[in-house]
Amino acid sequence: LENHTLNQQHVGIIGGGQLALMLADAALRMGLKPMILVENSFSPAALAHRDIVCGASDDVAALDCFFSQASEVIFENEFVNCELLQKVGAKWGAQFLPRLEVISECQDKLNQKRLFQKLKLPSSEFIVLDDLQNPLSQLTEALNRWEWRGVLKWSRMGYDGKGVFLINNTNSKDRAETLKNAIQFCQEAKKKGSQVYLERFVPFKRELAMIGVQSTLGEFVAYPLVISEQENGICSRVYGPAVSLGVDPQNEVLAAQFAKRLAQSIGLVGSFGIELFELEDGSLLVNEIAPRVHNSGHYSQNACSTDQFENHWRAVLGMPLGITQCRPAFAMVNLLGPDIPTFTANQEHIPSPGPHSHVHWYGKREIRALRKLGHLNGTVTAVEKIPDLLQELEKSRAQWVSQLMGKLHAK
Ligand code: ADP
C-alpha cells in the first residue's frame, strides 16, 4: 500500500476554501491525488482531505514542502503572491495552470477592463483616479457627467462586494456625505497598494453569468448562460438556463464568444467564470472574469453531465473535456451565515434539502455573518417548474436560518 501511494504523483491545489474542497473532491473521484496548500488546518479542504501542507501562501518553507510533492498546480482563487510562487515554484519545476502571468493579469480588475477594451468586448465606461489621497475634483467631474451614478472599485483584492462602492445619488443633499465616504474608500485602497477606478453605473435588467472552459490542448466548451442574483454584492442565487427564461439565445452565443476570445487571448486554461450585465434593450456588457471555478457554476454539480470542477481538471491535464449539457431547469442558492455572533458549527447546523435538491456543505468550523457556508442545488424537469424549485430552495434556506437563530437563543 505504501509503495502504491508513493508511486502516484500529486496534483497541487493552492488554497483551502470551498472551491479547493470541491476541486479536491472532483480530483479524488477521478483517481487523481490532490495535495493542498491550506492557510490553516480548519479550512474546508484541510478538514476533508488528508494530503495537505499547512502554511500561508507567502511562507517559503510551506511552499517548498508543497512544491516538492506537487507537479501540476492549480489555484482556488487569483489572490496569490505571483512573484513568490514563481520564484519558489521554479526551484521545483512546478507547472502552474493557468500560468502565473495569466493569474497576475486577471487579479487586477483594471487590467481586466483594459483587456476588454483591447479585445473590443463591450463593458461599462470607466476612469482611473490619479490621486487617491485627493480624488475629489476628478470624482465630482465624472459623477456630474454621469448623473451621479457610478461604482468605485479597487483594482485589487476586491471580491464578494468588498472593494466595491456604489454611488446612486440623484439627491443633491446626500452628495457631500457620499463624497466623504468615497474619499475614505480611495484612501483605504491606497494603503493596500491598490488603484481605484470609477465605472459608469449600469442600469441592468439582469445579471448573467457563464462558465467557459479551455483546455491546454485548445479545446473550448461553454456552460449555459445563467441568471445570477446578488445581495449586497454577494451572490445569493443562480438559476437557468437563462435562454429558457427569456434571455435572447443570441446572447448565449455571444457570451460564449466573449469567453472564448478572452481565454484564447491570454492563455487562460481550466474552468473560469464570466459575469455579464443584460441591459433593458437586450444588449450585453461584460462585468468581470474570474480565472477559476466560480460560484455561478456550482449548479453544474447536479445539473450538468460534467461539472465545472471535473472539467477544470480535464482542461488543465489535457484530457478531452466533458459535455456541459444540462437538465431542463436548475437553481442554486448560497447558504450565507446569518447576522448572528460567530459560533462553532456542528452537524446539527446543516440544512435539510427538499425533494428536488441537494445540500453541499463546506464544513467550516465557524458560522459567521455573511460567510459562505454551503449551497443548495436543485433541478426540475421543465422550466415552468423553476418558481416552485426556487420556493423549495428558499424554504430550506429560511428554515436553516431560523434553526440557527433558535439554537443560538437556546444557548
Ligand atoms: P466583485 O468582484 O466583488 O464580485 P463586482 O465588480 O462584480 O465585484 O461588483 C459586485 C456587484 O456590484 C455586481 O455583481 C453588481 O451587482 C454590482 N455592480 C458592479 N459594477 C456595477 C456597475 N458598473 N453598475 C451597476 N452595478 C454594478
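Reader: Which residues make the nonpolar surface patch of about 270 Å²?

Author: First, the basis of the model. The model is predicted, so local features need pLDDT of at least 70 and side-chain atom pairs count only at pLDDT 80 or more, whereas totals for chains, interfaces and linings use all residues. Residues are numbered from 1 along each chain as its sequence is written, and side-chain values use heavy atoms, with hydrogens and water left out. A patch is made of residues with over 30% relative accessible area and no salt bridge; like charges are joined within 9 Å, and nonpolar side chains (Val, Leu, Ile, Met, Phe, Trp, Tyr) within 5 Å. A salt bridge is a side-chain nitrogen of Lys or Arg within 4 Å of a carboxyl oxygen of Asp or Glu. Areas come from the Shrake-Rupley method with a 1.4 Å probe, and for residues only the protein chains shown count as cover. Here the patch is made by Phe 79, Met 157 and Tyr 159.

Reader: Where does Phe 79 lie, and what does Phe 79 count as at 31% relative accessibility?

Author: Helices (H or I, at least four residues) and strands (E, at least two) are DSSP runs, numbered from the N terminus. Phe 79 belongs to the loop between β4 (70-75) and α5 (82-92). Buried means under 20% relative accessible area, exposed over 50%, and partly exposed in between (1.4 Å probe, protein chains only). Phe 79 counts as partly exposed because its relative accessibility is 31%.

Reader: In what order do the five strands of the open sheet stand?

Author: Strands of a sheet pair through backbone hydrogen bonds, either parallel or antiparallel. Two strands are taken to pair if DSSP finds at least two bridges between them. The order in this open sheet is β3-β2-β1-β4-β5, with parallel pairing. β3 (52-54) and β5 stand at the edges with a single partner strand each, so one side of each has no neighbour in the sheet.

Reader: Which residues stand opposite each other in that sheet?

Author: Strand β1 (residues 10-14) runs parallel to β4 and is joined to it by five bridges; Ile 13 has Ile 74 of β4 as its bridge partner. Two bridges connect β4 to the parallel strand β5 (residues 95-96), where Gln 95 stands opposite Glu 72.

Reader: How many residues of strand β7 are buried, and which strands pair with β7?

Author: In a regular strand the side chains alternate between the two faces of the sheet. Strand β7 (residues 149-154) is mostly covered, with five of its six residues buried. β7 pairs with strand β8 (residues 164-168) in the antiparallel sense over five bridges, and five bridges also join β7 to strand β9 (residues 196-200), again antiparallel. Leu 152 stands opposite Phe 165 in β8 and opposite Leu 198 in β9.

Reader: Which residues come nearest to the ligand?

Author: A residue is near a molecule or strand if one of its heavy atoms lies within 4 Å of it. There are 19 residues around the ligand, of which Lys 153, Gly 161, Glu 199, Val 202 and Glu 207 come nearest. β7, β9, β14 (270-278) and β15 (284-290) each supply at least two residues of the shell.

Reader: With which side chain does Asn 287 make a polar contact?

Author: Asn 287, in strand β15, makes a side-chain polar contact with the side chain of Lys 153 (3.2 Å). Asn 287 counts as buried because its relative accessibility is 11%.

Reader: Why is helix α12 described as largely enclosed?

Author: Nine of the nine residues of helix α12 (residues 308-316) are buried, so the helix is largely enclosed by the rest of the structure. At its start, a side-chain oxygen of Asp 307 comes within 2.9 Å of the backbone nitrogen of Phe 309. After α12 comes Gly 318, with a positive phi near 75°.

Methods:
A polar contact is a pair of N or O atoms within 3.5 Å; within protein, one must be able to donate a hydrogen and the other to accept it, and residues adjacent in sequence count only if both atoms are side-chain atoms.
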